[in-house]
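Please walk me through this model element by element, with the criteria behind each term spelled out.

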Amino acid sequence: MQYFDLSELSSSLLKKLGVEDLRKIPVQPEPDAKFLNCLDNVTSYIEKNGGSVQFGWIFSCLGNISIKMTAHAVVKTPDNSLVCVTPNEYRTGLLKFAPDCSVENFIQNNFLPTKFVPLIDDQSLSEYIGIEAEQDKLRLDNLGIIAQSDLEQFKMRASLLYPAILSLAKKYTGRNDQCYCGSGNKSKKCCG
Ligand SMILES: [Zn+2]
């Protein structure tokens, strides 16, 4: 299973995530823009073209049972429209972005935080998400670097929970949902 880009975020899901304002914005990276370095990309874009920084969140889903909210920076152009200037591997077309200025308060050493939101109530899932959150906290505290030995520890702990997570994902994925495996295809045309 891998995280996937949700094709739509329903209003009930947005409510659960505490998101009131979801925009669909164009992705237009400069030729020298770097993956994962949204704040650097935005800063260098603004130096050249003007505008300001807009912080907010982007979303990805694990197995239709959990949402990862990743803090993200985009450009607010002088005419107040939003543009993402960071390339990404798996999102095509418009980026679903929720503006939230409070994200700025959580930046540590230029690194942006991640939030994990379970969509179902389950002990194994909260433990699994807890491990991911712990790993993300370590990343923020250590300038983006996680020691190999720590990574192995996280992997080992997560792997013990993985069978339970996989069966939950199968259980909560409908035939017409995006497949839990993360392929981006409908379940009935994939692992379903
Ligand atoms: Zn699949």
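**A kinked helix and its surroundings**

In helix α4 (148-172), a kink of about 45 degrees lies at Leu161, shortly before the proline Pro163. The bend at a residue is the angle between axes fitted to the seven residues ending there and the seven starting there. Helices (H or I, at least four residues) and strands (E, at least two) are DSSP runs, numbered from the N terminus. This is a predicted model, in which local features need pLDDT of at least 70 and side-chain atom pairs count only at pLDDT 80 or more, while totals for chains, interfaces and linings use all residues. Residues are numbered from 1 along each chain as its sequence is written.

The 25 residues of α4 reach 33 Å from the first C-alpha to the last, close to the 36 Å expected at 1.5 Å a residue; the expected span is 1.5 Å times one less than the number of residues. Ile165, Leu168 and Ala169 are the buried residues of α4. A residue is buried if 20 or more other C-beta atoms lie within 10 Å of its own, exposed if 12 or fewer, and partly exposed in between, with C-beta atoms placed from the backbone. What covers the buried residues of α4 includes α3.

Helix α3 (residues 123-141) has 19 residues and reaches 27 Å between its first and last C-alpha, close to the 27 Å expected. Leu125, Tyr128 and Ile129 are buried in α3. They cover an arc of only 90 degrees around the axis, which puts them on the same side of α3; the arc is that of the directions from the helix axis to the C-beta atoms. The buried residues of α3 pack against β3, β6 (114-118) and α4. Leu125, leaving aside its neighbours within four places in sequence, is in contact with Ile65, Ser66, Pro118, Ile120, Ile165 and Leu168, contact being C-beta atoms, placed from the backbone, that lie within 7 Å.

Next come the strands. Eight of the 11 residues of β2 (residues 52-62) are buried, so the strand is largely enclosed by the rest of the structure. β2 pairs with β3 (residues 66-76) in the antiparallel sense over 11 bridges, and Phe59 stands opposite Met69 in β3. Two strands pair if DSSP finds at least two bridges between them. β2 also pairs with β5 (residues 95-99), again antiparallel, over two bridges; there Trp57 has Ala98 as its bridge partner.

The hairpin of β2 and β3 has three residues between the strands, and Gly63 takes a positive phi near 55 degrees. Asn64 lies in the loop between these strands and has a positive phi of about 60 degrees although it is not a glycine. Asn64 is buried, with 22 other C-beta atoms within 10 Å. Asn80, in the loop between β3 and β4 (82-83), has a positive phi of about 70 degrees, but it counts as exposed, with 9 C-beta neighbours inside 10 Å.

Helix α2 contributes buried Cys38, Asn41, Val42 and Tyr45. These fall within an arc of 95 degrees seen down the axis, so they line one face of α2. What covers them includes β2 and β3.

Which residues touch the most other members of the largest nonpolar core? Of its 30 residues, they are Val42, Trp57, Val74, Phe97 and Leu125. The elements giving two or more residues to this core are α2, β2, β3, β5, α3 and α4. Such a core is a set of buried Ala, Val, Leu, Ile, Met, Phe, Trp, Tyr and Cys residues joined through C-beta atoms within 7 Å.

Methods. Two residues are in contact if their C-beta atoms, placed from the backbone, lie within 7 Å.
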